[in-house]
Amino acid sequence: MKLTVNGADYALDVEPEMPLLWVLRDELGITGPKYGCGIAQCGACTVHIDGMAVRSCSVEVGAVDGEVTTIEGLGTRESLHAVQAAWIEHQVAQCGYCQSGQIMAAASFLEMNSEPTDEDIDAAMSANLCRCGTYPRIRAAVKTAAAKLNGA
Amino acid sequence: MGRLKTIGRRAFLVGSTAVVGGVAFGFYLYKKPVENPLLADLGSDEAALTPYVKIDAEGVTLITPRADKGQGAYSVQAAMIAEELDVELDRIRVDPGVPSPAYWNRALADEAVPFAATDQGAMATAARGTVGAVMKIMGMQVTGGSSTVADGFEKLRIAGAVARETLKAAAAQKTGVAVASLRSQGGAVILPDGTEIPYQELAADASRIEPVTEVVLRQPEQWRLIGKPMLRVDTVAKSTGTLDYGIDAKLDGMVHAAVVLNPRQGGVLSGYDASAAKDMRGVKKIVPVTGGVGVIADNTWRAFQAAAAVECDWGPAVFAPEMADHWAELEQAFDTDPDSRGRDEGDVENTLGQTPLTSEYRAPYLAHAPLEPINAVVLIKDGRVDVWTGTQVPRFTQNNVAAIAGVEPEQVHIHAQMMGGSFGHRLEDEVARRCTELAMEMKGVPVKLTFSREQDFSHDYLRPAAIARMRGAVEGGTVKALDLAVSAPSVLTSQMAERQGMPMPGPDSSISQALWDQPYGIENYRVTAHRAQNMAPVSSWRSVGASQNAFFHEGFLSELITAAGGDQLEQRIALCTDDVSRRVLETVGEMSDWGRELGPDRGRGVAFCMSFGTPVAEVVELTNTPDGIRIDNVFVATDVGRVIDPVNFENLVQGGVVFGLGHAMNCEITISDGGIEQTNFHEYEGMRLYQCPQITVKALEHNSRIRGIGEPPVPPAAPALASAIFDATGVRLREMPFNKFVDFL
């Protein structure tokens, strides 16, 4: 089985029904995507497949038909994605465990909706749980990222 | 000029010793020096001057022994040291260090004595001192009770100042320039001609001189860092997916494990059949552990799958099996002798009269449910045990792991990991214990145990369920009498005595925390705590007893004020006996423009709670829409004496409000057949982003003592919400969660 993650190709020998999350974490050592619930309730495991945000805990690796991008592939310290830069500017994270997923959800959402209203942001970001309650900062950071991506 | 801090006599410096081309600095308050843990593994060319500052060829490392579970403890501890040491937060490393009695927590003593936080009398002060001494002797290195800043504010600044002055003395000796002519800035000593000598270049010299024993702490107007917005040391890593939590630990040859524990929590494993599971792909070993079965495999998912395939025969329930039994136990406890009577003023019985107002309030069990499921890695090799885990109690864990592994505690090396939340769960260490049992079966191999979300929920140690029975009387437009009785299981007995083996004699003040110690002057005022038995095991949950008791106290107080025909805010201000708290109440009134017309279908409520010495007042404004209640705004005023980092402070207050509101809205843990029924977040949702109100925070700085902010914003949220719901709908909520009675958007 072959898998492309963050631009690198991997050959895998795993059961096709293994969730993508555990392939990334335990087989490939890519631990930015987090295990939170295992049933697509919390969003901590969010990654992109061909740019679309998916819950990697609930996607069988055998069903992956595109390129996978994790938080590690979105941007780096040296070359931050606009969403990551906004997350740093607003200092969103407390424990930070959900934030990889929040950032991946926001990045995918802003690709599809470059001028979101407050209601759009609420709708798009409410599937990601934050137990620390950083929601006010997530809202603000998404707006900042949207403005930046629009060249403001 | 700042106050001269003479460390001599009452405190001793630990002598300096060389660390790889450097030094480590520290200081201890108390009569006898405690061994500096940084000195233990030093090579011949290494140095250490304090337990908090280590300087070697790679740079400056600040030791931050209080655990970071998301509250920014590493950053705030580093900032307090860096303020005096003259280093920049983006140029240093932080390290939680090793478990050591040197890192005992004095401020925890403030919560362990039967005196209100506002009581600064001789008896209260003496009692705090005595309990503090006991905590030192026991080496209570515990992160909890919102005490990190309170405990470290002076200690860590002194550690930074001692290191700085010793480095300057070393520079003076090296260059022949008088100390008075030297400055320090940006991790270097600066000579009068502007030449910079980096601390690293002075470390070896500093290790060979006597540490400076008298330091002057800087005055607030001289602070570079404290009180100004900071970039937390973990923000960039947490925004780029590069921060490794305990669950991300990677060790050579590591195997992955899962457990399946008796769903009747605490019950035994009577037998099991692993025949279906043992041949599943990747499975290495299946072994019994305390209360269940462990599966060791080459991948976490495979371990989860195999654990689910083990057929287990479970022993019976060890506590009351059904939730109705637990409520009955709580009711029966009211008929038993009180565990404590924290307050008894005036003549409650006579002033209550023949027809007092009465109410019964209830709060359910709750789970901690940090988003990172509990986990640990344990490696046992050649009589040495290494443990990688997130923990608020590293020294307890060291002892507990040692007992299971059959080694001395000194052979157990705890590598403290960043935590993806805790809310109190990491004051427990069951995952390190179970993982040690598994590692005993795999000696020489690192074993990572990850609890599935389902195991994490169903084997959590819960926030107590509790009932309050309250009576009151009003007269002349104000509250004349208030009689509060509460029934709850004891957290101290369950957590500290039963699970950590520390004797906990006497009453458990957490049962009536935030009931007996509130700064209200009510003429006839009584608080009685009853201890319920045969309940589920319980633990500290963010804000502990205050989390349910503020709902009881403030909820019923609101009823009394309504009955008296008074204004909820004005009456609280009138009843308040503490100047700092009164200003907090007045401020939240100004912030929210209390009394302005809100419009149709809207309501507001206010609540106050002092917990861990921090007064917090919150106003909730909401709208009763056709689709359910929408919380629009929350205004929060508080006073911790001194805000270290206003950015993180605001984030923690907002998060505390979300935590308090979310659990009050829709969370409860229920018991059936001796076990926890809820298994995942679909049954325990908390607040989602679209439900989050605007939260406006204001911090005052009048409190005479510096206090913490991790927990205190939680307790007022539920009663402020209940009061606002009553204002908007006329529905009086006396039981959490509220979604059993009203709908939320």
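Hi everyone, and thanks for coming. First, the ground rules. Residues are numbered from 1 along each chain as its sequence is written, while chains are lettered from A and ligands numbered from 1 in the order in which they are written. Because the model is predicted, local features need pLDDT of at least 70 and side-chain atom pairs count only at pLDDT 80 or more, whereas totals for chains, interfaces and linings use all residues.

Let's start with chain A. Along the sequence the pattern reads β-β-α-β-β-β-α-α-α-α-α. The radius of gyration of chain A is 15 Å, close to the 15 Å that the globule rule gives for 152 residues, so chain A is as compact as a globular protein of that length. That radius is taken over C-alpha atoms, and the rule is 2.2 Å times the number of residues to the power 0.38. Along the principal axes, the C-alpha atoms of chain A fill a box of roughly 45 × 30 × 25 Å.

How much of chain A is buried? The figure is 57% of the 152 residues. A residue counts as buried if 20 or more other C-beta atoms, placed from the backbone, lie within 10 Å of its own; it is exposed at 12 or fewer and partly exposed in between. As for contacts, which are pairs of residues whose C-beta atoms, placed from the backbone, lie within 7 Å, 62% of those in chain A between residues at least 6 apart in sequence join residues at least 24 apart.

Strands pair here if DSSP finds at least two bridges between them. A:Leu3 stands opposite A:Tyr10 in S2(A). The two strands make a hairpin with two residues between them, and A:Asn6 in the turn has a positive phi of about 50 degrees.

Chain A splits into domain 1 (2-73) and domain 2 (75-149), with bounds from an automatic or database domain assignment. The centres of the two, over C-alpha atoms, are 20 Å apart. Their contact takes 16 residues from domain 1 of chain A and 12 residues from domain 2 of chain A. On the domain 1 side, strand S3 (46-49) and strand S4 (52-55) each supply at least two residues, and S3(A) gives the most, with three. The residues on that side are eight nonpolar, seven polar and one charged. For those classes, Ala, Val, Leu, Ile, Met, Phe, Trp, Tyr, Cys and Pro are nonpolar, Asp, Glu, Lys and Arg are charged, and the others, Gly among them, are polar.

Now over to chain B, with its 18 helices and 33 strands. Buried residues make up 60% of its 745 residues. The assignment gives domain 1 (4-105 + 141-239), domain 2 (246-316 + 374-450) and domain 3 (324-365 + 462-740). Between domain 1 and domain 3 of chain B, the centres are 40 Å apart over C-alpha atoms, and the contact takes 19 residues from domain 1 and 17 residues from domain 3. Helix H1 (73-85) and H3 of chain B each supply at least two residues of the domain 1 side.

Three strands form an open, antiparallel sheet in the order S10-S11-S12. Strand S10 (183-185) and strand S12 (196-198) stand at the edges with a single partner strand each, so one side of each has no neighbour in the sheet. In S11(B), B:Val189 is the bridge partner of B:Ser184. Helix H3 (residues 148-175) packs on this sheet, touching S10, S11 and S12 of chain B, and its direction makes about 55 degrees with that of S11(B). Such angles run from 0 to 180 degrees between N-to-C directions, with axes fitted to C-alpha atoms, for helices over the stretch in contact.

Finally, how do the two chains meet? The contact takes 49 residues from chain B and 49 residues from chain A. Helix H5 (235-239), helix H7 (300-309) and helix H17 (646-666) each supply at least two residues of the chain B side. H17(B) gives the most, with six residues. The chain B side divides into 20 nonpolar, 18 polar and 11 charged residues.

Terms used
Contact = placed C-beta atoms within 7 Å. Helix = DSSP H or I, 4+ residues; strand = E, 2+ residues; numbered from the N terminus.
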